[in-house]
Amino acid sequence: CRAISFLGWFNVMKNTKPDAETARNEAYNLHKSGNIRDAVSLYETIFAANPMNADVAGLLALALYQVGDSDKAFKYWTQCLAQDSDATIRLRNANNYLTAFLAKGSAKKRENAFNFELPAWPKGRIPVSAESGLVLSLARVLNQIGRKQQVFALLQDFMPAISAELDVLGKALRVLWEAGYVQWVD
């Protein structure tokens with residue numbers, strides 16, 4: 001049923017030019033529903049039209065990684081992490097890249113995994129649940145590759161936004177503790 005939906009959408013796309021957000025959302029919905037190969041095709045079409053779209057490049061990289069094309073995935077992650085983008089998109093792309101890198105890479109190469117800037121969490125922006133999980137995951141991965149200062153910077157910027165979420169705040173403090181910031185956590 002989804003494949004038919006995708007093919008129907010693709011035929012419409014050839015004749016009309018839907019806005020980029022609609023196409024991105026269709027690809028994302030295919031991806032979330034498990035139709036990853038169809039999502040890859042649509043992400044590639046969207047990316048070909050706008051190669052500076054770090055959001056789509058990161059989602060394409062993740063989908064490629066999920067279907068087993070790691071080399072191509074890392075190429076797209078490297079490309080999207082070199083671009084300026086919204087802080088939350090950049091943090092998501094960094095988390096997915098580093099998580100995949102650790103799964104594929106050796107311990108010797110870990111210091112080479114991190115050669116891009118991480119943005120601060122946007123001041124005043126309260127994260128939704130998925131974003132909180134993303135930031136905590138990124139902090140844990142940074143800790144695993146020995147980037148303890150980046151763990152501290154990321155969570156120090158993030159914690160004011162989650163001060164009312166005691167569970168998330170506790171998890172953030174735990175990651176800081178594990179990174180060696182015991183006195184700061186106390």
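Mentor: Let us begin with burial: a residue is buried under 20% relative accessible area, exposed over 50%, and partly exposed in between, with a 1.4 Å probe and protein chains only. By that rule, buried residues make up 42% of the 186 residues in the protein. This is a predicted model, in which local features need pLDDT of at least 70 and side-chain atom pairs pLDDT 80 or more, while totals for chains, interfaces and linings use all residues. Residues are numbered from 1 along each chain as its sequence is written, and side-chain values use heavy atoms, leaving out hydrogens and water.

Trainee: What makes a stretch count as one of the helices of the protein?

Mentor: A helix is a DSSP run of H or I with at least four residues, and a strand a run of E with at least two, numbered from the N terminus. On that basis the protein has 10 helices and zero strands.

Trainee: Why is helix 4 called roughly antiparallel to helix 5?

Mentor: The axes of helix 4 (residues 54–66) and helix 5 (residues 70–81) come within 8 Å and cross at roughly 160 degrees. Angles over 145 degrees count as roughly antiparallel, so helix 4 is roughly antiparallel to helix 5.

Trainee: Which residues make the contact, meaning heavy atoms within 4.5 Å?

Mentor: Among them are Ala54, Gly58 and Tyr65 of helix 4, and Ser70, Lys72 and Trp77 of helix 5.

Trainee: How do the residues of this contact divide into nonpolar, polar and charged?

Mentor: Ala, Val, Leu, Ile, Met, Phe, Trp, Tyr, Cys and Pro count as nonpolar, Asp, Glu, Lys and Arg as charged, and the others, Gly among them, as polar. The contact of helix 4 with helix 5 therefore divides into 12 nonpolar, two polar and one charged.

Conventions
Axes fitted to C-alpha atoms, helices over the stretch in contact; angles between N-to-C directions. Parallel < 35°, antiparallel > 145°, perpendicular 65-115°, else oblique. Contact = heavy atoms within 4.5 Å.
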